[in-house]
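This report describes selected features of the structure shown below.

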Amino acid sequence: MKTLLNETQLELTLQRLAHQLVENHTDLASLAIIGIQPRGIQLSERIVRILKKITRKKNIDHGKLDITFYRDDVHTSADIQVPSQTDMPFGISGRNVLLIDDVLYTGRTIRSAMDALIDFGRPAKVELLVLVDRRFSRELPIQPDYVGYTVDTILTQKVKVYWQEKDGKDEVALIDKPSA
Amino acid sequence: MLSVKHLLGIRDLTTEDIGLIFKTADNFKQVLQRPIKKVPSLRDTTVANIFFENSTRTRLSFELAEKRLGADVVNFSASGSSVSKGETLIDTVKNILSMKVDMVVMRHSASGAPWFLANHINASIVNAGDGTNEHPTQALLDAYSMRERIGDLRGKNITIIGDIMHSRVALSNIYCLNKLGARVTVAGPPTLIPKHIATLGVKVEYDLKKALENCDVANVLRIQLERQHKPLFSTLREYALYYGVNRDMLDSLGRDIVIMHPGPINRGVELNSDVADDPNRSIILDQVENGVAIRMAVIYLLSGKREIE
């Protein structure tokens with residue numbers, strides 16, 4: 001296991017991402033931030049917290065999106081996925097939507113997320129923020145707009161993001177999966 | 001993940017299976033509130049609804065559930081088909097399956113028909129009612145609707161009233177509620193309560209008022225005249241007098257009892273309109289609404305069990 005980002009580095013990265021968002025979205029009122037279940041939720045909550053601090057705004061629209069029913073591998077994956085909650089207490093038609101997930105790898109999750117999103121309305125624009133971009137491993141033409149950290153990996157490796165609230169520490173690590 | 005490949009009866013399910021179905025149904029219920037009430041998870045699946053017995057609610061509910069999962073649907077009903085020319089059950093189903101159908105939802109008048117079929121074909125089977133045996137999705141949606149109204153069913157008192165003998169809903173309900181830790185009482189005239197039913201872990205009560213005294217939910221069943229080949233009570237009027245649920249009787253008990261009915265209702269026989277249409281008591285339409293979400297959950301979870309060809 002190799003640490004890609006330790007606690008301090010992770011905090012700096014999150015700060016930078018939040019500032020980039022403020023830079024690009026002068027009008028935060030039209031922004032709707034949506035974390036992808038399950039592992040995009042922690043990241044989106046952190047980003048929203050920092051955004052509120054630096055803009056002194058109390059209300060930023062923030063939701064959760066479950067993409068289980070939109071996956072393209074319902075029958076091919078060994079285990080059927082148990083769905084999580086979708087919670088979007090606001091409309092997305094005509095809004096600037098920011099999708100957030102922790103790691104971007106093949107791009108298939110984001111494809112499903114966009115399909116799921118479109119079922120809720122027609123956003124004016126959809127952007128993608130990821131903490132870690134695993135380069136050169138995309139299976140679909142999907143690129144992020146905001147990237148925390150870029151890493152080159154091979155198939156047998158896995159990028160894991162740990163969150164204080166959930167896993168007891170803040171860290172991004174590269175794990176070598178035991179070859180089966 | 002479910003422990004079974006088919007949903008034949010509640011008897012075969014574990015308590016965890018039931019929990020998983022409920023949790024998945026919560027999500028589908030949410031999907032059904034959206035402007036676009038559809039998800040594409042089963043767009044590569046074809047489901048055949050094979051009904052050898054009449055049905056409106058169940059068939060419509062299954063069909064909607066399948067369509068809202070994005071599946072392709074074919075419907076078959078026995079009347080006007082080759083069944084009347086003498087085709088056997090296995091032949092009928094094998095012919096349908098050779099048209100590349102992945103899943104079968106079946107209702108049949110013979111108890112055990114889905115188990116028989118499960119031994120002979122590869123597709124996943126959902127039992128939509130077999131004779132007087134089981135009707136698993138009805139029991140699941142009943143328990144789900146109860147839970148929605150009164151919370152966790154552990155320790156709650158549920159009374160099932162009416163034609164226990166001929167009701168597959170009763171049997172599936174008993175299995176399901178027992179697994180969820182509820183206390184079940186069955187009530188009805190002695191001629192409509194099977195012998196030895198107490199061995200399933202239920203209380204038997206012949207006096208309706210006594211049966212309702214401590215109960216939280218009353219599930220009122222339909223009198224199934226079409227299955228009664230010899231008279232089991234003298235007149236419908238007499239049955240309504242002793243076992244019909246009406247407002248005056250419920251008022252006299254002085255407790256809030258949630259009223260359920262799997263439909264179709266014989267109004268004025270087992271259930272009076274003043275109760276059936278009372279939104280404070282009756283959750284009959286909630287049952288129908290939840291039926292779609294429960295069936296979506298069952299079909300979705302079983303589709304993961306499909307063998308990859």
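## Domains of chain B

Chain B comprises domain 1 (10-134 + 288-303) and domain 2 (136-284); such bounds come from an automatic or database domain assignment. The centres of domain 1 and domain 2 of chain B, taken over C-alpha atoms, are separated by 25 Å. Between the two, 21 residues of domain 1 of chain B are in contact with 18 residues of domain 2 of chain B, where contact requires that the C-beta atoms of two residues, placed from the backbone, lie within 7 Å.

On the side of domain 1 of chain B that touches domain 2 of chain B, the elements giving two or more residues are α1 (15-33), β4 (124-130) and α11 (284-303) of chain B. Helices (H or I, at least four residues) and strands (E, at least two) are DSSP runs, numbered from the N terminus.

The model is predicted: local features need pLDDT of at least 70 and side-chain atom pairs count only at pLDDT 80 or more, whereas totals for chains, interfaces and linings use all residues. Residues are numbered from 1 along each chain as its sequence is written, and chains are lettered from A and ligands numbered from 1 in the order in which they are written.

## Packing of α1(B) and α11(B)

The axes of α1(B) and α11(B) lie 8 Å apart, at an angle of about 120°. Axes are lines fitted to C-alpha atoms, for helices over the stretch in contact, and angles run from 0 to 180 degrees between N-to-C directions. The arrangement of α1(B) relative to α11(B) is therefore oblique, the class left after under 35 degrees (roughly parallel), over 145 (roughly antiparallel) and 65 to 115 (roughly perpendicular).

Residues of α1(B) in this contact include B:L20, B:F28 and B:L32, and those of α11(B) include B:V292, B:M296 and B:L301. By class, the contact of α1(B) with α11(B) has 13 nonpolar, one polar and one charged residues. Ala, Val, Leu, Ile, Met, Phe, Trp, Tyr, Cys and Pro count as nonpolar, Asp, Glu, Lys and Arg as charged, and the others, Gly among them, as polar.

## A sheet in chain A

In chain A, three strands form an open antiparallel sheet in the order β1-β8-β7; strands pair if DSSP finds at least two bridges between them. The edge strands, each pairing on one side only, are β1 (2-5) and β7 (157-162) of chain A.

Six bridges join β7(A) to the antiparallel strand β8 (residues 171-176) of chain A. A:Q157 has A:D176 of β8(A) as its bridge partner.

## Contact between the chains

Chain A contributes 14 residues in contact with 17 residues of chain B. The chain A side consists of seven nonpolar, three polar and four charged residues.
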